[in-house]
Amino acid sequence: MWDPKLNMLALAYRCVYPVLGSYLTARFAPSAPMRHVWIQAGIGTVIATAIPCLWFGGHLFTRSATAR
């Protein structure tokens, strides 16, 4: 069973890096800082979440389909 304190610790450090990254993106954007932040958010979502997870799901299916 997961300890709630460890869950809070994980949530805390996983929130610090995106906030810091988006702050720096907005800070160094030549113009329209929030547009740059939203672009960064889109890229981060695609790279960090969707594509690896989708690839893994497809890989699991094709691996199990060829084993049959």
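Predicted model: local features only at pLDDT ≥ 70, side-chain atom pairs only at ≥ 80, totals over all residues.
**Arg-27 and Phe-28.** I started with the charge over a ring: Arg-27 lies over the face of Phe-28, 5.3 Å from the ring centre. Helix α1 covers residues 4–28.

**Aromatic pairs.** I then searched the whole structure for aromatic pairs and got 0.

**Surface patch.** Next I looked for nonpolar patches. I noted one on the surface made of Trp-2, Leu-6, Leu-9, Tyr-13, Val-16 and Tyr-17. Together these residues have about 740 Å² of accessible area. Is Val-16 buried, partly exposed or exposed? I get a relative accessible area of 47% for Val-16, so it counts as partly exposed. The cut-off for exposed is over 50%, and buried means under 20%.

**The loop.** I went on to the stretch between the two helices. Ala-32 sits in the loop between α1 and α2, with α2 spanning 33–67. Ala-32 has a relative accessible area of 34%, so I have it as partly exposed.

Ile-39 comes out at 47% relative accessibility, which means partly exposed. I also checked a span along the chain: Ile-39 and His-59 are 20 residues apart in sequence, and their C-alpha atoms are separated by 28 Å.

**Whole chain.** Last, I stepped back to the overall picture. How many helices and strands does the protein chain have? I count 2 helices and 0 strands. The radius of gyration is 18 Å, while a compact globule of 68 residues would have one near 11 Å. Along the principal axes, the C-alpha atoms fill a box of roughly 55 × 35 × 10 Å. I find 4% of the 68 residues counted as buried. The chain exposes about 6100 Å², and carbon and sulfur atoms supply 74% of that area.

Definitions and conventions
Residues numbered from 1 in each chain as written. Heavy atoms only, no water. Helix = DSSP H or I, 4+ residues; strand = E, 2+ residues; numbered from the N terminus. Rg over C-alpha atoms; globule rule 2.2 N^0.38 Å. Buried < 20%, exposed > 50% of the residue type's maximum accessible area, 1.4 Å probe, protein only. Areas by Shrake-Rupley, 256 points an atom, 1.4 Å probe, with all protein chains shown as cover. Phe/Tyr/Trp six-rings, centres within 6.5 Å; stacked < 30°, edge-to-face > 60°. Lys NZ or Arg CZ within 6 Å of the ring centre and 35° of its normal. Patch = residues over 30% accessible without salt bridge, like charges linked within 9 Å, V, L, I, M, F, W, Y side chains within 5 Å. Salt bridge = Lys/Arg side-chain N within 4 Å of Asp/Glu carboxyl O.
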